[in-house]
Amino acid sequence: MKYTTLLLASAALICGAGVVEPAAAQQITGAGATFPAPVYTKWGEAAKSAIGVELNYQAIGSGGGQNQIMNRTVDFGASDAPVDAAKLASNNLVQFPMVMGAVVPIVNLPGIEADQLKLTGDVLADIYEGKITKWNDPKIEALNQGLKLPSIAIAPVYRADASGTSYVFTSYLSAVSPSWKSSVGASTSVKWPVGNGARGNDGVAGSVKQVRGGIGYVENAYASQNHLATTELKNKDGEFVKPTMESFQAAASNADWKDAKDYAVSLIDQPGKTSWPIVSATFLLLPKDAKDPAREQLVLKWVNWDYEHGDQIATQLEYVPLPAAVKDMVRATWKQQLAYK
Amino acid sequence: MSEVLAAAPASKTSPKRPKRGSGKGDAVFALIAKGSGLLVLVLLGAIIVTLFVGGLPAFREFGANFLVNTDWDPPHDIYGGAVAIYGTLITSVIALVLSVPISFGIAIFLTELAPSWLRRPVGTAVELLAAVPSIIFGMWGFAVLVPFMATYVEPPLIDNFGDLPVIGDLFSGAPFGTGIFTASIVLAIMIIPFISATMRDVFLTVPAVYKESAYGLGSTTWEVMRSIVLPYTRVSVVGGVMLGLGRALGETMAVTFVIGNANRITPSLFGPGNTIASIVALVFPESPAGSLKLSSLLALGFILFVISFIVLALSRLLLRPGVRA
């Protein structure tokens with residue numbers, strides 16, 4: 001008798017718990033690039049309290065994001081590498097930009113502080129090709145007169161997973177080094193000649209942090225969050241610039257959005273005395289034939305909220321928000337292609 | 001007497017034989033048992049067929065060259081399995097070299113040297129090591145072992161031995177902390193419980209009379225182990241080692257975290273690499289369905305299956321009953 005009462009009581013409890021449900025936030029799922037993950041996470045938290053839309057974002061790399069949205073296993077895919085028009089058409093996807101960010105080189109050298117070391121694009125390419133193997137190589141010393149460079153091996157770290165950040169970085173190396181362009185090329189996943197791989201921007205940051213003599217490339221937010229030493233780079237105009245918000249904005253102001261097919265602008269190696277040479281937009285991919293149109297409208301509601309209220313959060317993390325004109329262009333695209341109201 | 005016996009079968013009052021369960025229940029149970037056995041075979045067959053059929057485009061495209069090509073070039077759609085196969089084999093071999101002496105030591109300690117009150121706790125501790133999830137090993141390896149290697153072990157070894165003529169190549173490169181050697185250490189820690197448990201169980205089966213005779217004649221403990229216990233249990237010990245090797249070959253998450261994820265073969269112990277399991281874990285999420293990349297991964301999975309099968313078959317062969325030293 002006692003046993004049956006216990007059973008009935010627990011059954012009643014479970015049913016009761018099921019009936020009294022708290023008003024759950026509406027969930028949207030996304031997967032992809034680690035490049036914008038810090039700002040997407042903050043936007044997700046803010047939007048949950050503001051408009052009740054909860055974001056579940058998995059930072060698995062741009063390649064993974066593209067794959068998942070093509071398989072329709074998530075509501076949206078995130079990629080720093082723009083998908084070409086043919087692939088967008090064959091997979092019935094719409095692509096639009098969310099925000100812009102910068103890729104910065106990070107180093108772990110004893111005695112070298114942030115923004116102390118000066119590098120150029122072709123020296124970076126030579127390091128990643130394995131042509132320069134020690135930190136006190138004459139080519140690096142020539143750029144850094146007066147800096148004591150140790151005679152230790154350079155430990156290059158790259159992205160082991162298919163990464164939009166890799167795409168941006170290798171695009172930059174291809175633009176400034178003909179030898180890199182012909183031997184390796186630019187892609188989300190290339191045949192790295194030397195170095196070790198790590199997963200995600202956070203993996204690269206963690207790897208560089210613990211290797212003596214390490215060098216890597218990460219989105220700017222990861223460098224500042226992990227207190228890693230960034231370097232100065234020589235831009236197209238021949239000036240050495242520090243990776244600051246102003247240099248990112250200077251590069252981003254050159255973007256020609258109107259002529260870009262599917263918003264795929266290139267912000268690599270832009271002119272301007274204060275421009276940072278490695279800046280990129282990051283994109284969202286949405287299906288034209290979504291299985292659940294109501295969820296897709298939720299995604300657009302979230303993105304619209306980010307456009308309207310997310311600029312301050314983005315600039316705090318040193319991402320560059322899109323110009324207002326571009327946001328209007330994007331909203332027009334939604335109305336045209338995704339039945340946005 | 002014979003009249004009673006002759007009369008008994010015809011009588012209707014003979015006691016009824018009790019029914020030994022309904023025949024239907026037996027039949028159903030037999031069906032379920034046979035079905036389960038068949039299911040296991042079917043599943044195994046299905047896995048092999050899926051791997052082989054999925055990997056067929058890669059095999060057709062690259063042929064036998066797939067096994068020796070070290071090129072892993074996604075932009076140009078060229079995939080070679082040599083780096084992954086080499087990484088799998090070398091990390092497993094180094095893991096064995098590291099773990100077999102330690103397991104042997106643990107087994108001797110537990111059977112000969114430890115006081116009896118200590119045997120149970122230490123034995124349980126070793127078995128608990130086997131229960132730790134492999135991803136915990138991976139995270140521990142990345143968070144604790146890798147910085148330790150990068151700060152205290154690799155820099156002195158590289159600085160002191162890196163420039164020597166013959167063995168210098170083994171210690172060259174930058175002190176990443178991750179790499180083949182670190183992955184082998186993590187694997188060794190993971191397979192020690194299996195090998196030492198097998199060794200301990202099999203050492204305990206040695207008849208006490210052999211050991212006592214040897215002790216009575218004045219042998220030391222080491223002489224008893226070397227000349228009596230090991231030859232007696234040699235075959236089973238090798239079988240246990242093969243079991244550990246089988247686990248090391250397939251270990252995924254623990255290795256992915258610490259191996260450095262590079263598609264190159266380097267002579268250095270501290271160099272990065274890839275195993276079949278780690279390259280599949282890394283590249284699978286971004287392989288579009290039907291692509292040559294996915295097919296290459298499935299082909300690598302099939303090759304790993306073949307290697308594991310060979311290792312397990314060898315261990316079965318050595319552990320079959322009736323084969324003693």
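Author: Met190(B) is buried, with a relative accessible area of 1%; buried here means under 20%, with exposed being over 50% and partly exposed in between, using a 1.4 Å probe on protein chains only. Met190(B) sits in helix H6 of chain B, residues 180-203, where helices (H or I, at least four residues) and strands (E, at least two) are DSSP runs numbered from the N terminus. Leaving aside neighbours within four places in sequence, Met190(B) is in contact with Ser134(B), Phe137(B), Arg247(B), Glu251(B) and Ala254(B), contact being heavy atoms within 4.5 Å. Leu245(B) is 55 residues away from Met190(B) along the chain, and their C-alpha atoms are separated by 11 Å.

A word on the ground rules: this is a predicted model, so local features need pLDDT of at least 70 and side-chain atom pairs count only at pLDDT 80 or more, while totals for chains, interfaces and linings use all residues. Residues are numbered from 1 along each chain as its sequence is written, chains are lettered from A and ligands numbered from 1 in the order in which they are written, and side-chain values use heavy atoms, with hydrogens and water left out.

Now for the place where the chains meet. On the chain A side 26 residues are in contact with 31 residues of chain B. The area buried between the two is about 2,200 Å², with carbon and sulfur atoms giving 50% of that; buried area is the accessible area (1.4 Å probe) that two parts lose on being put together, summed over both. In chain A, Asn196(A), Gln210(A) and Arg212(A) lose the most area to chain B, together 28% of what that side buries.

Arg212(A) also forms a salt bridge with Asp159(B), the closest N and O atoms being 3.7 Å apart. The rule (a side-chain nitrogen of Lys or Arg within 4 Å of a carboxyl oxygen of Asp or Glu) finds 2 salt bridges across this interface. As for secondary structure, helix H3 (62-70), strand S6 (155-159) and strand S7 (196-198) of chain A each supply at least two residues to the side that touches chain B. S6(A) gives the most, with 4 residues.

Back inside chain A, Asp269(A) lies in the loop between helix H11 (245-252) and strand S12 (279-287). Asp269(A) is buried yet has no salt bridge, and the nearest side chain of opposite charge, Lys236(A), is 5.0 Å away; Lys and Arg count as positive, Asp and Glu as negative, with His and the chain ends not counted.
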